[in-house]
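Visitor: Please give me a close look at a single part, and then help me see what else is found in the model.

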Amino acid sequence: MIPSLRAPWRWRPRTLRSHLVLILGVGLLVAHALSFALLFGERMQATRSMMLRNLYEDVPVSVALLEHLPADQRSAWVNRLERRTYRYLLRPARAGTPLATDRARQVTGLIDDALGHAYVLRPRAVSSMPERYEVELTLRDGRPLTIEVTPAPMPVARWLPWVLAAQIVLLLACVGFAVRLATRPLAQLAAAAGRMDPAGQGAPLPQRGPSEVAQAAQALNLLQTRVAAHVAERTQILAAISHDLQTPITRLRLRVETMEASPEQDKLIGDIDHISQLVREGLDYARGASVRLGPPVRLDLTAFLESVVADYQDEGKAVQIVDRTDVVQQGHPQVLRRILQNLIDNALAYAGAVETRLRIDTTGRTCIDVLDRGPGIPPDQLDAVLKPFHRLEASRGRSTGGTGLGLAIALQLTQAMGGTLRLSNREGGGLQATLSLDDDLQADVQR
Amino acid sequence: MSHTDHILVVDDDRDIRQMVGDYLRRNGMRVSLAADGREMRATLDTSDVDLIVLDVMMPGEDGLSLCRNLRAGKHRAVPVVLLTARDDETDRIIGLEMGADDYVTKPFSSRELLARINAVIRRARMLPPNLQVSEASRWIRFGDWRLDTTARHLLDADGTVYALSGAEFRLLRVFIDHPQRVLSRDQLLNLTQGRDAEAFDRSIDLLVSRLRQRLGDGAREQTYIKTVRSEGYVFSQPVVLVGDGA
């Protein structure tokens, strides 16, 4: 077929739109071309048989007429005998080759038949482009007569190509319109579905458009309702468990405190604190999927980071800001604080000292880094530690008293807020957690 | 002073209420116990109470609505410390909006609760607020700033949010509660103590300078917090309560 099909195929249609355009467009063009080819074939057939019939009726009359005319008057008549595809010449045929086509032989045979085999015909092809052949015979007075045949189809009307082109344009426009009609509601549905909120807080999808798309939207809405109900139920169950556990844990804790002070008591209190932390963070994690952000506020991130760090410093923790830039940006301070606290708590647990950094990265996004010089995380586990209850087996996982949920909650809240959280190992040892805020909360750098 | 603080502990769990009561009694307080809102009101009607410890999660009338009703009734002046079941921003904000003075998260240690109780009583007694700020309003305006007392941050004229650390907020709160009044370093230290008794508190001077920096007070010219030589500090701006977020 087309050579380019064999060659490495660069452009592959991926979208439904290009598929449809390709299939409909190519199909219509081929069908169009085919019907015109048939039309022209038929027309040529008709012209040809008309020519042959004319020839058959015309040649004997013309030859008889020329036979009857005196030789000096013939030249005045031959012009009148001329037809569209053949004419009479009062000279011998030009040099040429034997007839090459069946059609030429058929025509010669027809002339022979028409003349009642009364003459010896000497046909030869004199030109192939355009096809032309000459049939020479000798009139009874010994003079030569040549019938020059130039088969040609009926000329095409001027307007026909324009009509053809207009038809093709019309067809392609219809294809484009139909494809648009089919794919646009789909694209809108996809965009709306992308904005859907699993917790069911967002608006439902509009059930408009073609019935297929409306059905899909309806199905998605139903799915969302179910997911939201599921999430709500899960949160409710966890909240109930959490609440029901808080009371006995509180009793336990108060009871242990009435015991005589001893190392055993300290250990018991430590265990109780761990249990209650687990209960609390488990609930946080379960709730994270449906966290209510509320409207964002214009937030001075520099002041924000300073306040978070100051709280740690006031508790005597080694947390510092090593680099800052002035950024005012839309944000959710409560959620952001929680994320940062989880990152800083994690770093404190493993390294004891933490550095923070507020910066704009090369793509213009606002980033907050939490840096430590702890043992870091094996590269193949960097993603896994963001999953809930993931524990590292090596030194980093032991005796820190964490619940394994802090980073998972941080990640969950980051995603809910619109941002990314990335962990990486630092050069020279330690971990870097980078919180990047989404661009749609566009930063405007002050001063 | 032979006054013994009278604490009313309201919790639907009998064991918790008794153990808390026992601990407070051992620490020299008079304690009444109540299992629900009805018993709480009965006690309030028959005796003077210095502070109420109120559990949020109770069947029937929960702590938040009890707290709101208290603030609307004749016992509005009695300080309230909430026992919340969750360490949740929303619960804390709602609790403070309902007029609670402080909160302790379950499971708590008795020592932590005692420290909170003492801090709240000290605050209420040492310097009775001349503004009913804590009950009246979420928004307080002074100078170019607005303070959101539940979210605990400052807003400038453009509505840009400037976060405050816990200590900065407590200090600003004390200043705002007592405008145009000279406060000594001791008073400030007492009133702004952190949540943990043994927590490391920076010196008041350092904290004041941090707050000044946040408010935009220069070293020379001080619009908000002025130094009174050898006495302490005074908050020199008039304070306006704002009804809502306007």
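**A strand residue and beyond**

Guide: Leaving out residues up to four places away in sequence, A:Arg122 touches A:Ala93 and A:Glu136, where touching, or contact, requires C-beta atoms, placed from the backbone, to lie within 7 Å. This is a predicted model, in which local features need pLDDT of at least 70 and side-chain atom pairs count only at pLDDT 80 or more, while totals for chains, interfaces and linings use all residues. Residues are numbered from 1 along each chain as its sequence is written, and chains are lettered from A and ligands numbered from 1 in the order in which they are written.

A:Arg122 belongs to strand β2 (residues 122-128) of chain A; helices (H or I, at least four residues) and strands (E, at least two) are DSSP runs, numbered from the N terminus. Because 15 other C-beta atoms lie within 10 Å, A:Arg122 is partly exposed, a class between buried (20 or more such atoms) and exposed (12 or fewer). The C-alpha atom of A:Arg122 is 9.7 Å from that of A:Pro92, although the two residues are 30 apart along the chain.

For a contrast in chain B, consider helix α9 (residues 204-215), whose 12 residues should span 16 Å at 1.5 Å a residue, in agreement with end C-alpha atoms that are 16 Å apart; the expected span is 1.5 Å times one less than the number of residues. Its buried residues are B:Ile204, B:Leu207, B:Val208, B:Leu211, B:Arg214 and B:Leu215. They lie on the same side of α9(B) because they cover an arc of only 120° around the axis, the arc being that of the directions from the helix axis to the C-beta atoms. An α-helix has 3.6 residues a turn, so residues three or four places apart point the same way. The face turned away from the buried side of α9(B) carries the exposed residues B:Asp205 and B:Leu206, and after the helix comes B:Gly216, with a positive phi near 85°.

Finally, the largest nonpolar core has 71 residues, among which A:Phe304, A:Ile339, A:Leu343, A:Ala347 and B:Leu171 touch the most other members; such a core is a set of buried Ala, Val, Leu, Ile, Met, Phe, Trp, Tyr and Cys residues joined through C-beta atoms within 7 Å. Helix α9 (residues 333-351) of chain A gives the most to this core, 9 residues. Apart from neighbours within four places in sequence, A:Leu343 is in contact with A:Val370, A:Ala410 and A:Ala433.

How values were computed. Two residues are in contact if their C-beta atoms, placed from the backbone, lie within 7 Å.
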